[in-house]
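Thanks for coming, everyone. Let me put the structure up, and then we'll go through it piece by piece.

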Amino acid sequence: MSNYQQGDATAAGLLVDSLSPQFFRFFLGQVRSRELADDLLQDFWLRIHSARHTYRPTEPLLPWMYAIARRVRIDQFRRNRSRASREVQVEKFPEPAAPSPAEESTLDFETLLSTLPESQREVIVMLKVSGLSVEEVARATGCSAGSVKQKAHRAYEKLRTLLKGGRDGV
Amino acid sequence: MEFKIPAGFAHAAPDPARLAKTRKVFASTVAPVRPLPSNGVLMAIGVAVFVVLAILLAAPFGFYGFAKLGVGDRVVEYSVLLLLAFVLSGIVVEQMIPGSRRIVQPEAGVLIALLLVSLTASMLFPDFSAPNFVARGVPCLRLGILCAVPAAGLVALAMRQGFLTDPMSAAIASGALAGLLGVCVLALHCPVLNAAHIIVWHVTVVAVAAVAASLLGWRLSRFR
């Protein structure tokens, strides 16, 4: 990151290559569409590029990047909401394509995540998908560590109930 | 809770063509940048600008309040205001840096400012009589808000040097700091050393500025 700040294009490329999969999964865990996740990832890198002077080499890198990724996600959510309010309802929706067997488990996982409220979902994705520590998630979301733990605990409770209900239903 | 990520999700990868495009943009526009100074340095700059601006804005109206205060009262009152300026500058700086540790939330900062200035006024000037309460108060409120407006503009300009991840909190923090500058100008100018007057007409400037800034922040973040 320091080399990138000093204008090293190779370092910038390396950063994009090494961290893109992680942030792609972060976006995918929240939007459930690969295409949209790709769009968000591109927007995210453009914002990283314009905000790179706000990173201090003495500070941890991931919370800084996740804070920006979170902002990208919120802006997309607002854009979508305002667009949806202007759209005209069509009479018949096209049938969604059936997921391939390889995609099915991913889809289940994403569906499970989508049942969580936005704030709990992002905490779970950061903790479990991205592997951040509670302290790092707290920095990225601008909350206290206690608040992050509470959100994670509530999300686990909800997921546990859903999974138990699913098993009982089978 | 044992939480396993499905392999399909754990190995999901972005579109290589899009990544190549991003790399290309980076390669063509990458230029050296200087990282922002540490929080301490930014806070010190913020407080220095705050003090200079308070003196400059109070000068045209006269330092009657400063002249009327005893030495001990001056030390206590201006120390409290300086301390609050430092705390609120810190909150503003935290808002500018993504992923920085948020020690005090902006809402708490506003509350601390309101309580501390009110408490100091009650201790230093324990006079709660209120002759010409409204007639003497409204000009103070007006002057305080008038001084807070350019200060808020300056804080907003400074904040543009960073990256705001939470525009709403950033607006509250900048409004509170600008409002505190209005209180400082009043503390230098206003000769009414009465706790009721200060608590109602001076301290309100912080609350009004913070609320106005948060409304502006909400509107800007909603319609940008």
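Which residues of helix 6 of chain A are buried? They are A:Gln120, A:Glu122, A:Val123, A:Ile124, A:Val125, A:Met126, A:Leu127 and A:Val129. Buried means that 20 or more other C-beta atoms lie within 10 Å of the residue's own; exposed means 12 or fewer; partly exposed is in between; and the C-beta atoms are placed from the backbone.

Some ground rules. This is a predicted model, where local features need pLDDT of at least 70, side-chain atom pairs count only at pLDDT 80 or more, and totals for chains, interfaces and linings use all residues. Residues are numbered from 1 along each chain as its sequence is written, while chains are lettered from A and ligands numbered from 1 in the order in which they are written.

Chain A, then. It has eight helices and zero strands. Helices here are DSSP runs (H or I, at least four residues), strands likewise (E, at least two), and both are numbered from the N terminus. Along the sequence, the pattern of chain A is α-α-α-α-α-α-α-α. Of its 170 residues, 35% are buried. Now contacts: two residues are in contact if their C-beta atoms, placed from the backbone, lie within 7 Å. Take the contacts in chain A between residues at least 6 apart in sequence: 61% of them join residues at least 24 apart.

Back to helix 6 of chain A for a moment. Its twelve residues should span 16 Å at 1.5 Å a residue, and its end C-alpha atoms are 15 Å apart, which agrees. The expected span is 1.5 Å times one less than the number of residues. After helix 6 of chain A comes A:Gly131, with a positive phi near 75 degrees.

Next, the interface. How many residues of chain A are in contact with chain B? The count is 43 residues of chain A, against 35 residues of chain B. Several elements give two or more residues to the chain A side, including helix 3 (34-50), helix 4 (61-86) and helix 8 (145-169) of chain A. The largest share, nine residues, comes from helix 2 of chain A. By class, that side of chain A has 21 nonpolar, twelve polar and ten charged residues. For the classes, Ala, Val, Leu, Ile, Met, Phe, Trp, Tyr, Cys and Pro are nonpolar, Asp, Glu, Lys and Arg are charged, and the others, Gly among them, are polar.

On to chain B. It has nine helices and zero strands. Its radius of gyration is 22 Å, well over the 17 Å that the globule rule gives for 224 residues, so chain B is more spread out than a compact globule. That radius is taken over C-alpha atoms, and the rule is 2.2 Å times the number of residues to the power 0.38. Along the principal axes, the C-alpha atoms of chain B fill a box of roughly 75 × 45 × 35 Å. Of its 224 residues, 42% count as buried.

Helix 8 of chain B is mostly covered, with 22 of its 23 residues buried. B:Val183, leaving aside neighbours within four places in sequence, has contacts that include B:Leu81, B:Val117 and B:His202.

Look at B:Leu143, in helix 7 (residues 133-159) of chain B. B:Leu143 counts as buried because it has 21 C-beta neighbours inside 10 Å. Beyond four places in sequence, B:Leu143 is in contact with B:Phe61, B:Val185 and B:Leu186.

Last stop: the loop between helix 6 and helix 7 of chain B, where B:Asn132 is found. Is B:Asn132 buried or exposed? Exposed, because it has 9 C-beta neighbours inside 10 Å. B:Asn132 is not a glycine, yet its phi is positive, about 50 degrees. Most residues other than glycine have a negative phi.
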